[in-house]
Amino acid sequence: MKITINSLDDIHEAAKQFIKNMGKGNIFAFYGKMGAGKTTFIKAICEELGVEDVITSPTFAIVNEYTTKTGEPIYHFDFYRIKKIEEVYDLGYEDYFDSGHLCFLEWPELIDDLLPENATKVTISVEDDGSRVVEF
């Protein structure tokens, strides 16, 4: 699946398309360069799922938990500041991944060996015209 986001004005429509095509998976690993829009897109997805919490990158916390309008948790990870894989073990990543709830992961390449086989890889790239392309 490929979704083009021409501007921030289109991001919620792109998030709706993403949600419609997520399938049955619950773990989504977001790849992209710094500034590609991973956090911004995850925020739009969460908002479309009815999250009313403040949605920010969990850069320092490593994981943020949000709640949808139906009361379901969503886990948002940012592994950018992981220095040792033991930090991921210490936070109990398996409990989150095995919960069956949505898990959105930024910088998953830093924990590649821990990613479950069923994780959906999502790549966000920046085009020359500034638009973003989301592929999964």
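The angle between α1 (residues 11-20) and α2 (residues 38-48) is about 70°, and their axes lie 8 Å apart. Axes here are lines fitted to C-alpha atoms, for helices over the stretch in contact, and angles run from 0 to 180 degrees between N-to-C directions. Helices (H or I, at least four residues) and strands (E, at least two) are DSSP runs, numbered from the N terminus.

This is a predicted model, in which local features need pLDDT of at least 70 and side-chain atom pairs count only at pLDDT 80 or more, while totals for chains, interfaces and linings use all residues. Residues are numbered from 1 along each chain as its sequence is written, and side-chain values use heavy atoms, with hydrogens and water left out.

Back to the crossing: α1 and α2 pack at about 70°. On the α1 side, I11, H12, A14, A15, K16, F18 and I19 make the contact (heavy atoms within 4.5 Å), and they meet T40, F41, A44, I45, E47 and E48 of α2. Sorted by class, this contact of α1 with α2 holds eight nonpolar, two polar and three charged residues; Ala, Val, Leu, Ile, Met, Phe, Trp, Tyr, Cys and Pro count as nonpolar, Asp, Glu, Lys and Arg as charged, and the others, Gly among them, as polar.

Now turn to the sheet. Seven strands form an open sheet with mixed pairing, in the order β1-β7-β6-β2-β5-β4-β3; two strands pair if DSSP finds at least two bridges between them. β1 (2-5) and β3 (63-67) each have a single partner strand, so one side of each is left without a neighbour in the sheet. From one strand to the next, the twist averages 20°.

Finally, the cysteines. There are zero disulfides, meaning pairs of cysteine sulfur atoms within 2.5 Å. The sulfur of C103 is 11 Å from the closest cysteine sulfur, in C46, too far for a bond. C46 counts as buried at 0% relative accessibility, where buried means under 20% relative accessible area, exposed over 50% and partly exposed in between (1.4 Å probe, protein chains only). C103 is buried too, with a relative accessible area of 0%.
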